Amino acid sequence: MYAGEEIEKISKEKEKWEKGPLKLVLDKWGEEKRSFETLSGKEVKRLYTPLDISNKEYLEEINFPGSYPFTRGVLPTGYRGKLWTRRQVTGFATPEETNKRLKYLQKEGQTGLNIVFDLPTHNQLDSDNPLCEGEVGKDGVPVDTLRDVEVIFDGIDIGSISTSIITGGPAVMSMFLALAQKRNIPFNVLRGTLQNDAVSLYYTVNFRRLPLQTLYKLTVDVVEYCVKEMPHWNPISFIGYQIREKGSTAAQEIAFTFGSAVEYANALIARGLNVDDFAPRFSFFFNAHNDFFEEVCKYRAARRLWARIMKDRFGAENPLSWLLRYHVQTAGCSLTAQQPMNNIIRTTIQALAAVLGGTHSLHTNSMDEAYALPSETAVRVALRTQQIIAHESGVTHTVDPLGGSYFIEKLTDDLEEEARSIIEKIDDQGGMLQAVSEGWVQKQIQDASYAYKKDIEEKKRLIVGVNCFEVEKDELPIEILKIDPSYEELQKKNLVKVREQRDEKMVKDSLDRLHEAAATGENVFPYFIDASHTYASIEEMMKACTGIKG
């Protein structure tokens, strides 16, 4: 970017500056005697200049928005053509209550649905399983059968709105497709995303009722089916979010997310698919943490690294395969129970970083989430945060407004290089499945998390209201959402009613066909859809498919 003579001139001027103005100020006032580093522990220098990026070639390393390697974004027009999707996570209590909240958010300006499910559903268990007592509807919406999916989307046109289904495995997705068939909506018009990254869910949130290899196979089945039948659907969203919530650094978040994506890409190629058949439908889910500049650079680095992985490693020829398409959620782990109103400011900073980093979809956490699932008041404030950034801040007027900053470009380079180095270590161990199976990935995250928490305990890292600027008493200014225990019993009664009204022979026949397909190694997902139509339950389908015991 700079010629040799220019670099030499800048270098000499920098030396003069250090011996002149800088030395005078340091001698008179000094500087804080502490290390300056990002949230992930990367050293931040006092000053960045052209010398820090003197070896960069603009067209090869940065280039224009919409041009390889997409450092500045995948769209030439940025947000001037289309804003990111405002997509608040919703799911709690019962399908009926969740349906009400979805409609409320649509009325308030949400432009995409984002539905999270409770722990029993994530673990493929029916609500009346004794293991689920006390957990039904507590941290997401319960889904037992197609009946629940019908209620969740009652009065909502799933053919015209993008829907994100935040769970893994084939069961809930098969019910969603069965609903589409009942409404005569062709699969090829459905838009949305299934989270479905079983590898990451296995080691971040401990969804381990099935062996990792079994979960992995089921995930690949769903992706393969959707690639062939649903051209506008993202059949998997590789999860960086929970990796970061678990305590990883920014570079680890990138690397472990891409490690899973590489693993699945290899599996799909082994099934005879061409990389350009599926890569354009890969999507990603990242965290937005507190370190503003590091987060902006994380997204820029991830975009560039993914483009290079697809082009250089997999030989993808379709430019759409090179694009990193991702959703961002602000960092739940950063929210504090102490002085919870401060969480609005934290979320705003995080959301702004996501936008300046070029996100395509965004969820902003609510101020009360250190206490409970968000109330209507809190979730409206969170949605308004996005709308104010979009319509009042002016940050959407130009593409990648921070691009060209010496600090931004250098930190982007550093994060990409560190993430690449971690991916090479994953490769050395035989891939992500092997690295997770041996506990190596978990150990890296645990070490990073311990270092971060130790810094907080020792006050090397200040968290307002937690280890500095505390107050004796601070109450949440709004009423928090409480899940009525009676909702669990209501969900169980509805499940019993479904079992009484369905055709048991049709259920048994569909489950037998599913079992036979699983036993022969066939792609089981079409059989899940057929079983969903009979109102087979999520646990019945998983038992038929895997022989799992409840």
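In the predicted model, helix H14 makes the greatest contribution to the lining of the second largest cavity, giving four residues. Helix H13 (342-356) and helix H14 (376-392) each provide at least two of its lining residues. The lining consists of Asn 343, Ile 344, Thr 347, Asn 365, Ser 366, Met 367, Ala 378, Val 381, Ala 382 and Thr 385. By residue class, five of these are nonpolar and five polar, with no charged residue.

In total, three cavities of 30 Å³ or more were found in the structure. The largest cavity holds about 180 Å³ of space. Its lining comprises 16 residues, and those nearest the centre are His 122, Gln 124, Gly 168, Phe 207 and Leu 215. Two or more lining residues come from each of helix H7 (198-204) and helix H8 (212-229). Helix H8 gives the most, with three residues. The lining of the largest cavity is made up of seven nonpolar, seven polar and two charged residues.

Thr 167 was examined separately. This residue is located in the loop that runs between strand S4 (163-166) and helix H6 (171-182). Thr 167 is classed as buried because its relative accessibility is 0%, the cut-off for this class being under 20%. Beyond its neighbours within four places in sequence, Thr 167 makes contact with Phe 117, His 122, Val 172, Leu 194, Gln 195 and Asn 196. One of these contacts, His 122, is also among the residues nearest the centre of the largest cavity.

Definitions and conventions
Residues numbered from 1 in each chain as written. Predicted model: local features only at pLDDT ≥ 70, side-chain atom pairs only at ≥ 80, totals over all residues. Heavy atoms only, no water. Buried < 20%, exposed > 50% of the residue type's maximum accessible area, 1.4 Å probe, protein only. Contact = heavy atoms within 4.5 Å. 1 Å grid on protein atoms, 1.4 Å probe; cavity = no way out; pocket = protein on both sides within 12 Å on 5 of 7 lines; lining within 4 Å. Points joined across faces, edges and corners; volume = space filled by probe spheres on them. Nonpolar A, V, L, I, M, F, W, Y, C, P; charged D, E, K, R; others polar.
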